[in-house]
Structure formats: structure tokens, C-alpha cells
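Here's a quick briefing for anyone meeting this structure for the first time. Have a look at the sequence and the model, then read on for the salt bridges, the pockets and a few residues around them.

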Amino acid sequence: MSLFIRTFSRRTGGVFAAARTVCAGIFFASIVSGSALAASTPTTQVPTEQATAAAARLAQQYVDATSGFDQALLQQILAADFQEISPVGEVDSREKVISFYPAAAKAKAPPVTATLSELNSQLYADQLVITTAKLTYTFDGTPHSRSMRVQFVSALQQGRWQLVSSQFTGIPAPKK
């Protein structure tokens, strides 16, 4: 236990009381500083339809870029601090995601059709959209497909919408 907590806990009646007091102080300070920041930061009103349409376009562009091995498009739509949680649970940086899709690898990949469906977008604070969808990969020339749930987070940064995060979770195949 740190010297601060030990000394503070003696004054306030125990470690739990000290922790509760410290947490309350931190919470209060974050509210005050957040209110001051919100009051000093100018906001622009973005219509919900415009924001959710931009997020849906970004989601589709991401799917098109990854299935088409288009690194240039990925560089355009992914924010500098983009992170992806892959279907196997790895956290990948923007650079790592882009490096997965070199044009030369397209020739080695099986032909696939990627389809986004069941899109549902929600706008938060006029500058953040979370889009949840079903992504299905159909392997051309075969009856096989693979579906997953995907969530894209789009943010309005420096006047344009960019993807800041994505997460992919596999949907188990139906039992036969």
C-alpha cells in the first residue's frame, strides 16, 4: 500500500473509505474537466442520415479493399490510430492490417465475394458512428461460405470520416 493511501486511510477511517474518497475525487474532477472541455470545444452538427451513410460507405469500402487487396484504399479510409480485432482475437495496427493486403497476394487468394448485410448504425456525439453488420464471404465456384459479425467505428476527423476501429467475430456454421 502506498504511503499516500496509508496516510489518507488513517484520516478517513480505513482503506476502503480512502479508496472511495479518492475515486469520488477523480470522478468529480473528470466531470468538471469534461464539462470545461465540452464548453470550450466547438461542435458542428452533422445530420444523422449523413453520418450513418458515410459510415456505411466506409464499411463497404473496407470490405471491398480487403477482398480486392487494395492497399491504397485502405490507406485512404483508415485513421492513423486505427486498430482491428481480428477473427482470431489479435489486435492489429493500421500498418499491420494494410500489410496483409499486398496486390501480389490477390493472385494467390481464392476468388471470393464479400457481402455486407444487416447493417445497423448509431451516431454518437455527432462525430462517432458504430456500425454493426453481418459479413459473408462466399467462395466463388463452391457452395461454401463463411459469415461473421463485424463492428466498424467511424469518426469524423479533420472534416472527413475515417475508420478508427473494427472487430470481427465468427458466426459458427449451422449444425447439421
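Let's start with a charged pair: Lys96 and Asp92 meet through their side chains in a salt bridge, at 3.5 Å from N to O. A salt bridge here is a side-chain nitrogen of Lys or Arg within 4 Å of a carboxyl oxygen of Asp or Glu. Keep in mind that this is a predicted model, where local features need pLDDT of at least 70, side-chain atom pairs count only at pLDDT 80 or more, and totals for chains, interfaces and linings use all residues. Residues are numbered from 1 along each chain as its sequence is written, and side-chain values use heavy atoms, with hydrogens and water left out.

**Salt bridges**

- Side chains of opposite charge can pair when their charged atoms come close.
- A search of the whole structure turns up two salt bridges.
- Glu118 forms a salt bridge with Arg149, and their closest N and O atoms are 2.8 Å apart.
- Glu118 sits in strand E3 (residues 112-124) and Arg149 in strand E5, so this pair ties together parts that are 31 residues apart in sequence. Helices (H or I, at least four residues) and strands (E, at least two) are DSSP runs, numbered from the N terminus.
- Glu118 counts as partly exposed because its relative accessibility is 49%, and Arg149 is partly exposed too, at 35%.

**The largest pocket**

- The largest pocket has a volume of about 390 Å³. For the search, a pocket is an open set of points on a 1 Å grid over the protein atoms alone, where a 1.4 Å probe fits, with protein on both sides within 12 Å along at least five of seven lines; lining residues have an atom within 4 Å of a point.
- Of its 18 lining residues, the closest to the centre are Thr66, Ser67, Tyr101, Tyr137 and Met148.
- Helix H3 (48-67), strand E4 (128-139) and E5 each supply at least two lining residues, and H3 gives the largest share, with three.
- By class, that lining holds 13 nonpolar, three polar and two charged residues (Ala, Val, Leu, Ile, Met, Phe, Trp, Tyr, Cys and Pro count as nonpolar, Asp, Glu, Lys and Arg as charged, and the others, Gly among them, as polar).

**The second largest pocket**

- The second largest pocket holds about 190 Å³ of space.
- Among the residues lining the second largest pocket are Ser147, Ile171 and Ala173.
- Ser147 belongs to strand E5 (residues 145-157) and counts as buried because its relative accessibility is 15%.
- Ala173, in the segment after strand E6 (160-170), counts as exposed because its relative accessibility is 62%.
- Ala173 and Met148 are 25 residues apart in sequence, with 9.9 Å between their C-alpha atoms.

Note on methods
Buried means under 20% relative accessible area, exposed over 50%, partly exposed in between (1.4 Å probe, protein chains only). Grid points are joined across faces, edges and corners, and a volume is the space filled by probe spheres set on the points.
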